[in-house]
Structure formats: C-alpha cells, structure tokens
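The sequence and structure come first.

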Amino acid sequence: MGFLNAAAEQDFALASNYLDLSQIPRRRRQRSGEEVARQLKLLLDRGTRTADLTLSDERTGDLTGHLKDGLAPDREQVGVIRIGDRTLDIVLTRVSDSKNGSIWLFSSDLVKQVPKLAAEFRPN
C-alpha cells in the first residue's frame, strides 16, 4: 500500500498523493494534504480495524470495486477507524490520474473528517 509505506517513512508529502484532496482549495492542498496524511497515519496506527478486502490495481479491465456492498462502483469501504466511541469509515474512491490511469485514493469525505477526529484524539 503506497500510503502506508510513505507514511511509515514519514514522507507525508508523498503520502498525501494517496488522498483525494479535490475538496481542498488548490493553494492549500500541499500543506493541508501533508497534515491530513500525518493525522490519518496517527489514527490508523492507534485505532483501526481493517476489513479483509482486496482492491484491483489493474490498469485495464475491471476497475470497479465490489458491486454488492451498496456503494458506487468507484467506492470501497476498506475498514473502520475506532477511537473511543467514535468511528470513521475508511472509504477509498477510484479516480483517473493522468500519469497512472485509474487509482484508489482515500476519499474526499474521509479527508474532510480526519482533522476533526484527530483533534479529539489524545494519544496515551
């Protein structure tokens, strides 16, 4: 997983490339993306339960997620972050990338929610 490897190396600039930052104003994306990547790593390290799910990384062929889960074909819930009594669904969205074709990113909805949950989280 690209995000997990980049975040483990503390390369939050690279890790932010795996976040759908489309809802963040372009002038703030780099700084905000790096901070959200840092916060998401903290939340994943401290409170995640990952679902058993395999995503396609094929550059051609079936680029959709699991169709029987009630989500759009370009969205997948891959786990849940639990911090105390709070939960946050880990949802990926499939997007077109000019360099890499179709790729999975952490969804813009998740990106919006991470800072609030991270602010409420107090590490031990």
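Ser108 is buried, with a relative accessible area of 14%; buried means under 20% relative accessible area, exposed over 50%, and partly exposed in between, using a 1.4 Å probe and protein chains only. This residue is found in helix α4. Helices (H or I, at least four residues) and strands (E, at least two) are DSSP runs, numbered from the N terminus. Ser108 is 88 residues from Asp20 in sequence, yet the two are 4.9 Å apart in space, C-alpha to C-alpha. Beyond its neighbours within four places in sequence, Ser108 is in contact with Asp20, Ser22 and Gln23, where contact means heavy atoms within 4.5 Å.

## Model and confidence

The model is predicted: local features need pLDDT of at least 70, side-chain atom pairs count only at pLDDT 80 or more, and totals for chains, interfaces and linings use all residues. Residues are numbered from 1 along each chain as its sequence is written, and side-chain values use heavy atoms, with hydrogens and water left out.

The mean pLDDT (the predictor's confidence in each residue, from 0 to 100) is 82 for the protein, and 79% of the residues score at least 70. Over residues 58–63 pLDDT stays under 50, and the model has seven contacts beyond four places in sequence for them. Where pLDDT is low, the predicted coordinates should not be read in detail.

Helix α4 spans residues 108–120 and has a kink of about 30° at Val114, shortly before the proline Pro115. The bend at a residue is the angle between axes fitted to the seven residues ending there and the seven starting there. Buried residues of α4 are Ser108, Leu110, Val111, Val114, Leu117 and Ala118. They pack against α3 (29–47), β2 (75–83), β3 (86–97) and β4 (101–106).

The largest nonpolar core has 27 residues, of which Phe3, Leu19, Leu40, Leu43, Ile81, Phe106 and Val114 touch the most other members. At least two residues of this core come from each of α1 (2–8), α2 (12–15), α3, β2, β3, β4 and α4. Such a core is a set of buried Ala, Val, Leu, Ile, Met, Phe, Trp, Tyr and Cys residues joined through side-chain atoms within 4.5 Å. Val114, at the kink, is in contact with Val36, Gln39, Leu40, Leu43 and Leu88, leaving aside neighbours within four places in sequence.

## Salt bridges

A salt bridge is a side-chain nitrogen of Lys or Arg within 4 Å of a carboxyl oxygen of Asp or Glu; the count comes to four. One of them joins Lys41 to Asp45, with the closest N and O atoms 2.4 Å apart. These two residues are four apart in helix α3, which means a separation of about one helical turn. Lys41 is buried at 17% relative accessible area, whereas Asp45 is exposed at 52%.

Another salt bridge pairs Arg75 with Asp109, at 3.4 Å between the closest N and O atoms. Arg75 lies in strand β2 and Asp109 in helix α4, so this pair ties together parts 34 residues apart in sequence. Both count as partly exposed, Arg75 at 23% and Asp109 at 33% relative accessibility. Arg86 and Glu120 also meet in a salt bridge, 2.2 Å from N to O. Arg86 belongs to strand β3 and Glu120 to helix α4, so the pair ties together parts that are 34 residues apart in sequence.
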